[in-house]
Amino acid sequence: MPNNRSHTFLSRMSISTRMAIGYSLGLFVMLSLFAFLIYQVFHQAIHNNFDRHLTFEANQIAPFVTEKASDSLVVKMSGNSRNEALMQDDTSGTFVRVYNRQHELQYVSPNLEQISARYESRIPEVVEKTSFSHTWQGLPTRTLYYPLKRDNEFIGWLEVTGFEWALHEQVSTIINYLVIIILISVLFSLLGGYILSNRALIPISSIIKSARSIHYRDLNQRLPVKQGVRDELTDLSETFNAMLDRLQRGFSREQQFTSDAAHELKTPLSSLRTETDIILRKDRNPEEYQQALLRIQQEVERMSKMVHLLLELSRLESRDSLSFEKLDLCELAQNVIGRVKSHADEKSLHIDCRTYNRNISVYGHTGYLSEALNNLLNNAVKYTPSGGSITVDVQNETGGARIVVEDTGIGFTPEQKEHLYDRFYRSE
C-alpha cells in the first residue's frame, strides 16, 4: 500500500517537478558520499598526525626509562622539561605508564595518579608500535604503545596517552560546514532544475498545442520542428509528422477509392435503372424481357469487374498483400503472351516475342506484373487493325529491367498522352 501511494503521488507531479526532484536527489547522494569521504580522510589524517605527536613524546621519554633490575623499570625525569608535561592533568597533558615484559605496571606519570578514572590498558601481543582510539572521561583519546629496547633487546612497553578532542572539534566544524553546503546546493539544484526543466519542456507544450489542433478532416497541419537543432524533441516531432503523412496518405487513398467507386459505378447503375424503368412501363413479351435481362446481366458483370479492379487497386496502394519474390521476367512475359495469342490469331496479328534464350530476373509481385502486362497486350490486340504486328521486348537495365510493348495500332494523340496514367481513363 505505501508503495502504491508513493507511486500515485509521483505520477501526479509534472515532468519538470519529477526531473528537478530526481536531479536534487542525485546531487544530494553524490555530495553526501563526497562529505563522507572527506570525513574519513580528515579523520584518518587526524589520527596519523596525533600518532606522530605521541611518537615524538615517546621518543623524548624513552631515554629516561632504565632497567633497574631484571623485569624492573624506572623513569628518571627530574629536572627535565618533559617532566612538566607529565605533571599537567588537564586536556593538554601527556599521560604515561610503563610496563615490563610481563605486562606488569612499573611507572605511572604524576598527572595520571591524580585522576581516579583510569583507562584500561591494551598491550599488544606483537612487539611493534601500536596505537588506538578510545574514550576517556567523556573525551576522544588516543593511546600509543611504544616498545622499549636496550641493546636491541625488548625490556617493556611505554604507554603514551593524550586527548585529541581539539582535532575532533575541527573535523566536526568541517562536517557542519559540509552539511550546510550540501543543503544549500540541493535547494539551489531543486530550484534551478525546476526552472531549466520547465524551459526545456516548453517545446513539448507547443507540440501538444499543435497536436490538439490536428483533425482527421484536415491532416495538412504538422508539428513544429526546430530548424538547425537535432535533439530528442526534434526526433519526436519528425516521427509524429511521418505518422501524420502516412495517415494522410491512407485517408487520401480511402477518399480516392470512394470517389473512384462512385464515379465508375454511377454509369452502370444509371443504365440498370433506365433499363428497368423502360421494361416496367408496360407489359412486354418474353423475348423483350429476355433481352432486357441480358443487358442487365452485362451491366452487372461490368460492375463486378469494376469492383474487383477497385479492390485490387486499393490493395496495391496500401501494400497490404504485396509480397516480393525473385522471378524470371522473360518467362512471365511468355506466359502472358500465351493468354492473348488466341485473340491475336483471330485478328491475324503477329506477335514478335523477343524474350527467348534470355535470363532476366527481378524481385517483384508476379500477379500485379502479369496483370499490368496483360492490360498492355489486350489493348494492343484491341486497337491494332487486322494483319498488324505486336512486339514484346524484355530489356536489361542497370539496377532493373524494362518491358517494351509496341504495336502498329492507332496509338494516341498528345492530348491523350497527358491522361494515360489517370485512373480508369478511357479515350473516346
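Predicted model: local features only at pLDDT ≥ 70, side-chain atom pairs only at ≥ 80, totals over all residues.
Q: What counts as a salt bridge, and how many does the count come to?
A: The rule asks for a side-chain nitrogen of Lys or Arg within 4 Å of a carboxyl oxygen of Asp or Glu. By this rule, the count comes to 6 salt bridges.

Q: Which residue forms a salt bridge with Arg97, and are the two buried or exposed?
A: The partner of Arg97 is Glu159, with the closest N and O atoms 2.5 Å apart. This pair links distant parts of the chain, since Arg97 belongs to strand 3 and Glu159 to strand 7, 62 residues apart. Both Arg97 and Glu159 are buried.

Q: Where do Arg101 and Glu67 lie in the chain?
A: Their side chains meet in a salt bridge at 4.0 Å, N to O. Arg101 is in the loop between strand 3 and strand 4, whereas Glu67 is in strand 1 (residues 65-69), and 34 residues separate them. Arg101 is partly exposed, at a relative accessible area of 27%; Glu67 is also partly exposed, at 34%.

Q: How many residues apart are Lys341 and Asp345?
A: Both lie in helix 9 (residues 329-346), 4 residues apart, which is about one turn of the helix.

Q: Where is a positive phi found in a residue other than glycine?
A: His103 has a phi near 65 degrees and is found in the loop between strand 3 (95-100) and strand 4 (105-108). Asn152 has a phi of about 60 degrees and lies in the loop between strand 6 (139-150) and strand 7 (153-163).

Q: Is Asn152 buried or exposed?
A: Asn152 counts as exposed because its relative accessible area is 79%, and exposed means over 50%.

How values were computed. Residues numbered from 1 in each chain as written. Heavy atoms only, no water. Helix = DSSP H or I, 4+ residues; strand = E, 2+ residues; numbered from the N terminus. Buried < 20%, exposed > 50% of the residue type's maximum accessible area, 1.4 Å probe, protein only.
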